[in-house]
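User: Hello! I am new to this structure and would like to learn how to read it. Could you walk me through some of its features?

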Amino acid sequence: MPKSLGEFEILILFAIVRLQHEAYGATIHREIEDRTGRSIAIGAVYTGLARLQRSGYVQASIGEPTPQRGGRRKKYYRIQPDGARALKTSVQAYRQMTAGIERELDLVFADVATRRNT
Amino acid sequence: MKRVRPPWVAATLLWLFLPKDEREFILGDLEEQYRQRSRQNRAGAWLWYWGQVARMRPFSLLDHPRPAHSGRRGTMALSFESFFQNVRFALRNLLKDRTFTGVATLTLAIGIGATTAIFSVVNSTLLRPLPFKDPDRLMRVSLLEPQKPGQRADDIRREGVWPYPKYKMFHELQTIFEDEATYLRTQFNLTGAGEPERLWAEIVGASYFSVLGIVAELGRGFSPETDGSTEAGLEVVLSHGTWVSRFGGNTEVLGRTINLDEIPYTVVGVMPSSFTGIKTVAQLWVSNRSLELLQRDLYHSYHVVARLKEKDTYDQARLAMRVLGDRIDEAFPSSEPLSATARPLDQIRVTQKIRTPVLLLFGAAGLVLLTACINVACLVLGRSVSRRREIATRLALGSGRLRLIRQLVTESLVLSVLGGTLGVALAHAGVAYFNTLGAALRFQMSGLERAALSSISLDTGTMVFCVAVVTVTPLLVGLLPAVGGSRLSLVEGLKTGAAPGSHKGTKGRGGLVITQVALAFTLLVGSGLLLRTIGRLNQANIGFDTGAMMTARIALPSSRYDRPASEAFFTGLLERVRALPGVQAAAFINCVPFADRCRNGSRVATMDGLEIEPDRSRAIGLNFVAPGYFRSIGVPVLRGRSFTTLDGIDTPAVVVIARETAGWLWPNEDPVGRSLSLLGTGEATVIGVVDDVRYDKVEELSRPDVYVSTQQFPRRDGYVVTRHSAESASHILAIREAVHGLDSELPLFDIQAMTDRANDATWRTRFSGVLISIFAVMTLILSAIGIYGLLSYSVERKAHDIGIMMALGATQKTALKNVVGSSFLFAAGGVALGILLAVVLTRFLQAMLFETSPHDPLTYGTAALVFVAVSLTASYFPARRASSVDPIEVLKTE
């Protein structure tokens, strides 16, 4: 049974899936920041990527250098079957947790909104 | 596309700390994002970059995989944030142990401060290039004087001055130099601009400033075409100091007229503060044109400075000068054939008399630095060993070794920063002190020396070196126990609180302490020798009593005073001064003892009408005195009589000779009634013999003296010497008034109490003595601390053993004796080593000692006793601690 993923690692894997062939450190970082609205330390992204790599969930490949990077190369990441499985497990867990409580969730969110307005 | 680069400092930090494999990719990502962001907001992007760096945890990329549920805060992660945390923690730790931190900081500061300050002096006096353009191309060209017995052929003292006709020949014939100019020193009475004042000046050739490559700070120097004079009249160039002190630094000074010896000059320029002449500390410059207008006797003594052509070498110059010198000798057959030479200007920048003490002090400062490093090493070692228990516990609880090392390193760094900052402040203060000292010293210094000594700047190179040295030392020493200790069995460490193998640590520390004591002993001996020398100098028999004696110099302008008028002036002045309240005696002499190179010299030409053979001939000191001089100074008349007012212009010429002269010319006979003549004078009768006076050096008599009376040989320029019933500052005011009563335009200058003159004559020795004593005290304190530290550590460690001993019946006294005994052993070992070291090193001190042997047993013995006392004092607290060990308590903690 594959290890369960931490929250941040899940976000990283989501980003990698979305970005497909354009997933490397900078784009992953940007993607997570944009979509979650949080300010993320890029170091955390690399730590997570390193761990994911060690677990075999992603695989890295080296790309071409570009002038925007001061002539440095990129390291692209692709999700691996094991990673996909782990991600699916985590997504399913969330789905199970939220199954059928959309209405309650909406009420909670609305309540929060009205509280803020008053 | 404009190159937008991320902050390079941050990038470099990352580059240093990131694992090699990941470096390129991470930096690339960061740069890419930085560019994107900086398109909208440059400053924001800069801040963002730094923020990312601060939160980066480089070492977590090397971590072993952790369980997925662990949070962001890992115990092993390192980020730059945690570095600042470490620093705060280290500071807190250090401040808890205030004694250690205080002592260590002070030690570091002393080491850095002393060495940097002294080296700045060395740099400025000996190493820094002269403030001229291409200074290595400049040479001083001189004629040679006869080689004295015991002198080497290339002895610098053989180099002498040029008479004008010979210089002219050199000027016309020389080809080896690109350009050359003359310079010579003189003094002028400055009037027409406030208080009359006597100023030192250089009279220079028109190309002087261009040869040296000095550009005027204001206005200009002399130009070769006009040679210092125009239709407007004669030109003068001021020094920066004169400009500030006399003219308030006002830029309107150009074009002003001042009077030098009654002749008007126009100010055409001001020189920068870095230049104050070569031969003397020049306060202004006039050109050779002025010489034609001044009728003075000294102007056959030109110095020459020359600039070598680009490609030529010093040796070529010397050779060319030798050849040219020989030609000149041929053209002037009446004088001795001596030839000429050239010497790089750099070699005359400071005389041996300054070079020696400066280098000596540098050596001493080096010893201080060494002692400081040793001391810090001991302190850190002692502290980290006593924290072994703490370290062992933390290791047992799972703190990574790496983390511990990091923490200890941070502590050492913080300590170094503290000590370094204080040290830099000390160095600044030291340099400022040296600068004021250099400016205050008034005499016997050439212009180059003075410029060097009053513009000392903090040498950054040395400071960096010192800081590096004292940073690395605690670092290395602090790391040893961390690296070594973590390898040992932790259980052992926890049990006894002292890890095995620390016995070696004690031995090492003991060796360090002994070395410290040895160094301190050496400095103490050096200091003692110098202090003894100073004492001997103070007691030296200079031939007269300097108490309550004031001296001041007056120079009458030749345009208003001829010889009879000069004599009348001084006679009248002395009468007035003798009538002043509090004045016991007043006299006149052309050059008081220890005054600034005003002494006249001559040679005895004939004795009793017979010529003296050249090999019997000695240089003599020729002194012009007014009647009453010997009585005023307090020099006894041994035979015959001294001058009276009856010895005048119309009576036969008379001389008084000193004891040394009498012993040389007429040994075992009565010289009174005999006659002699000097070079260029007629016969004079010897009327008396007086005791010797040391006019030039405190240490010894330099030349045999001959005195003539100013009634027969009047002088325009000389010193009024007064003895008072009590010291007072108002005396000189009264004297000045008396002078102005006779002539209001006359400046009184070179005013100094006789005691100060005598002290100043030996300033080098005194100065070195004071400084080395300061160093000696510093190292003494440091070594005392070292002994104390080692003893108290040792007592702590052996508390257990002491407890057992006492439980078995040993008394408190035994424990006490033990501690004191080991303290004494340290001191003894250090003294023994120190004696060896001192015997070797005091050789360098020899040139400055007077009537004191470098192996003076009294000094060595006293220093040894001092250390015995020091060791006893240092052992006091640890001894008390040892004797108050309660055996039951100690055994309980087993």
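User: How many residues does the contact take from chain B and from chain A?

Analyst: Welcome! This is a predicted model, in which local features need pLDDT of at least 70 and side-chain atom pairs count only at pLDDT 80 or more, while totals for chains, interfaces and linings use all residues. Residues are numbered from 1 along each chain as its sequence is written, chains are lettered from A and ligands numbered from 1 in the order in which they are written, and side-chain values use heavy atoms, with hydrogens and water left out. Contact means heavy atoms within 4.5 Å. Here the contact takes 29 residues from chain A and 26 residues from chain B.

User: What area do chain B and chain A bury between them?

Analyst: Buried area is the accessible area (1.4 Å probe) that two parts lose on being put together, summed over both. For chain B and chain A that comes to about 2500 Å², with 48% of it on carbon and sulfur atoms. Phe25(B), Asp29(B) and Glu32(B) supply 22% of the area that chain B buries against chain A, more than any other three residues.

User: How many salt bridges does the rule find across the interface of chain B and chain A?

Analyst: Side chains of opposite charge can pair when their charged atoms come close. A salt bridge is a side-chain nitrogen of Lys or Arg within 4 Å of a carboxyl oxygen of Asp or Glu. Across this interface the rule finds six. One of them pairs Glu31(B) with Arg72(A), the closest N and O atoms being 2.7 Å apart.

User: Which elements of chain B give two or more residues to the side that touches chain A?

Analyst: Helices (H or I, at least four residues) and strands (E, at least two) are DSSP runs, numbered from the N terminus. The elements in question are H2 and helix H3 (42-55) of chain B. The largest share, 14 residues, comes from H2(B).

User: Where do Lys75(A) and Glu22(B) lie?

Analyst: These two form a salt bridge, with their closest N and O atoms 3.1 Å apart. Lys75(A) lies in strand S2 (residues 75-79) of chain A and Glu22(B) in helix H2 (residues 20-40) of chain B, so the pair joins two chains. To judge burial, we use relative accessible area: buried means under 20%, exposed over 50%, and partly exposed in between (1.4 Å probe, protein chains only). Lys75(A) is buried at 11%, and Glu22(B) is buried at 18%.

User: Is Arg35(A) buried or exposed?

Analyst: Arg35(A) counts as exposed, at 57% relative accessibility. Its salt-bridge partner is Glu31(A), at 2.8 Å from N to O, and Glu31(A) counts as buried at 17%. Both lie in helix H2 (residues 25-36) of chain A, four residues apart, about one turn of the helix.

User: Which residues touch the most other members of the largest nonpolar core?

Analyst: In soluble globular proteins, nonpolar side chains tend to be buried together. A nonpolar core is a set of buried Ala, Val, Leu, Ile, Met, Phe, Trp, Tyr and Cys residues joined through side-chain atoms within 4.5 Å. The largest core has 63 residues, and those touching the most other members are Ile118(B), Phe434(B), Phe521(B), Leu523(B), Val525(B), Phe775(B) and Phe867(B). H23(B) gives the most to this core, with 15 residues. Not counting residues up to four places away in sequence, Phe775(B) touches several residues, including Ala114(B), Ile118(B) and Leu523(B).

User: How many helices and strands does chain B have?

Analyst: Chain B has 26 helices and 24 strands. Of its 894 residues, 53% are buried.
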